[in-house]
Structures are given as structure tokens and as C-alpha cells.
Amino acid sequence: MKKYLISLSFVTFLISSVFGQLAGDPMADIIMKNTNGSSTFSIEGSLFSSPAFKANQSGYFIPLQYASDDDFEAVYAKMKEQDLFAQEYQGSLIYSMPLESNRDGESNLTFYLKTVGGQQAYLNKDLFQLIVKGNKAFAGKEVVLHPFSFSTSLYQELAVNYYSYKTIASNRKIGLGFGLSLINGVQMTEIQIDQGLFFTSQLGDSVFAAAKATIIGSDPDAHSLFSNNGLGTALNVQFFYQFENKNKLYASIQNLGFISWNKKSMHYDIDKELSFTGLDVFDPNQLLQNTSLELDSLLLAETNSETKSFTQYLSPEISFAYQLHEVFNNASIYTGLVYKIKPYYFPRAFVNLRYQLSESFYFQSGFNLDHYGNFGLSGEIGISMDEKLDFCLGSNHLEGLGLYGYNGQGLYTGLQFSF
């Protein structure tokens, strides 16, 4: 049986300075930006990675990216004793139409189709070296395999969101939004090793391994980009307030929901020991030649397995953003906090200064502490043409673009049409 851990190659787009920081929240741009009663169509998306990655290898199980000695050493030297490797990528098509617009307020209805993918691996330094470089360096030594956690997921989300704000006095405005999403579960895999060890003899002629682990995953025979292996739903809520001095506050709760994976999903319980003589269990060069892994080669003999449905709860995301309007001539400050409630993740904080050079061009720079716990420098440029077409390009990890050993990467770009 063939099990694909990663089967995703997706080009993503994103727009707006606030949404660049609140990636994953399509309503942030619509609410924080004054649309003046216009309909808008946007192509949006983002890509985040920690540590920095090479785009042509981003489809592999994350630790297996680092094939060359230079790349491996740079990442290994930066690793904590236990560390998180992660990628998240998504793209959205968004259409927003006004329902009402006048001097007292505005309401709109927004539809968006979003594809979300990601992979995370939490492991210790020895296991990272064992996977990437093989077991030669561990002759006569024992490698502890736990804690180890790996997950990958891909799903599509079709959502409708209603938003309305009212002017309550002078420049003060208040708004609320509510959205409901229908979710198509494409693919997921979760591997959890609770206890495990790997021992190579001094001469390297035999190995011993023992593990207590759980593996669950969606239907292994349906893994295309638009497969239907599960269905779910989610609730999204937004709040907006504009102060009399035109400063703006935005808050949201996203992804309050679940995916119910179908009865063809697999579940493995592993509690086994095995030993081999004259066999190198891990051959990283062979693994790197493929974008998939044969899970049967990793499962121990007579493993307990069954096929059944199960429910996976989404990772809720809580966001806050605050805009200081006109801190000095043509300049604003955006600051905020984004917390994805997920194991090993940190609350992400950012501060950015945006300077409007002209009516059609702005530049933004700042810094952020991402939700992998890494500090990053950010930059963004935006171009507006005739107030009908907006383009944006930015990064939340300028220091990591195209390089290994740095904190990470964050890329976003996009296009928005107003009509």
C-alpha cells in the first residue's frame, strides 16, 4: 500500500498589509480597508516556513530537504534539542459585494474559496540527523526517537460571511461579522511516537529498533488535489472598531470547527521491536528521490491496523490588529497578535510602519515574532492603479529568503480588483 505524506504543489497569492500579517483570515482586508461601497474580487494567499526552505524541495517530508552537508549543518547548528519544522501555505479567491452603503454605515456579503495546506514535524536533534544523514554516525550509540510528532493536511473551504458596521458618533464606527464555512477534507496524516529507540552496533552490521506509536490518515488511494475524503464545517467571527481619531481595532476568531474523515481512513497502532543484521534501515538518498514514502516499509510486522472514520478538530486562530492612523505625515503603524491554538506553536506578534509615498504607492517595513518562536524582518510594497487595481508583494522573513539556517520564510503577493 502506498501512502503519500505530501502531495501538494500550489501557487499562492495575497494582498494588503494587514492581511499579510493575518494570513488565513480573508475578512481582515475587507474590514480594515475602506471599500467605499465597491464590489471587490481578490486572489490572495501566503506561504510560511520554518526554517527557511528551497521552493523546489518544499514537497518533501520536511527534515528530508536538507540533503547537502552545508544545508544540513546550517540547520542542525541552529536547532534546539527538540524543535519544530513547519510549512503552511494557502490561497483564496474572494468576492465581496455591498448590500448597503451610506453615510451611516455599510454591510456586505463575502464569498471565498480557500485551499489550505501544511506540514509540521517536531523532533529531537539526533533523530533529525538520523533521518537526514543515516545511522553511520551512531555506531555503538542509542538514538531516542521520542518525542516525535508529524502531521500534514490539505483541505478546501467554501465560506460565506456577512459583515456590517455603523457610524455611532463623529468618526467612531463599530462592526460585526459572522461567517460559516463548508470544508472538503482532501488529505491528512498524523504520526505520533510516544516511546522509541534506535540502536546501531559498533561495527554497523546490525540494528535494533523499538517503538510505541500511532499513525492515522485519510484514504491512501485518494490523494489528488481535489479528492473528497472528509467533510466538515467551521464558524468565523470578526469585530471592528474605529476610534474618533481614526485608529482601528480588529479582532477575529477563525476555524471553530472540524472535519469528519470517511470510513476509508486508516488507523495503525504500533508497539513492536525489530532487529536486522547487515541492513542499513535509513537510506536518505533513496528517500530523497521520491515525494512519497511507503509507510509499509516503516511499519513493524503484524501491526494492528483498522479502517474507520474519525473526527479531526481544526486549530482555532485568534487574531488582534491595531492601526495607528497618521502617526506622522502619511505614515501609519500596524501592530497585532495572532495565536493559532496548536501544539508547539507560539503566539505571533508583529509591528510594521507603513509609509504612503503617493496615492498609488506605499512601502512598509517592520519586524515580527512568528508562531514558531523566530524573530523576522518584514517588508512590503503596494501599488494602486486608478483605485481599481491593487497589487502587493511582501515577506515576513526578509532575512531568510532563499537561505538555509535562518529563522524562516514568509511570502505573500496578490491582486485585487474593485468595480
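This short talk covers the nonpolar cores and the aromatic contacts of the structure above.

The model is predicted: local features need pLDDT of at least 70, side-chain atom pairs count only at pLDDT 80 or more, and totals for chains, interfaces and linings use all residues. Residues are numbered from 1 along each chain as its sequence is written, and side-chain values use heavy atoms, without hydrogens or water.

Cores to begin with. A nonpolar core here is a set of buried Ala, Val, Leu, Ile, Met, Phe, Trp, Tyr and Cys residues joined through side-chain atoms within 4.5 Å. Buried means under 20% relative accessible area, exposed over 50%, partly exposed in between, with a 1.4 Å probe and protein chains only. The largest core has 27 residues, and L123 and F128 touch the most other members. Helix α4 gives the largest share, five residues. Another core lies apart from it, with 13 residues, including M27 and Y112.

Now the rings. Rings of Phe, Tyr and Trp (its six-membered ring) pair if their centres lie within 6.5 Å; planes under 30 degrees apart are stacked, over 60 edge-to-face, the rest tilted. The whole structure has nine aromatic pairs. Y122 and Y344 are stacked, at 3.7 Å centre to centre and 5 degrees between the planes. They sit 222 residues apart. Y122 is buried, at 14%. Y344 is partly exposed, at 37%.

What about Y345 and Y372? Their centres are 5.7 Å apart and their planes at 75 degrees, so this pair is edge-to-face. Y345 is buried at 7%, and Y372 is buried at 5%.

One cluster to finish: Y163, Y165 and F240.

Definitions and conventions
Helix = DSSP H or I, 4+ residues; strand = E, 2+ residues; numbered from the N terminus.
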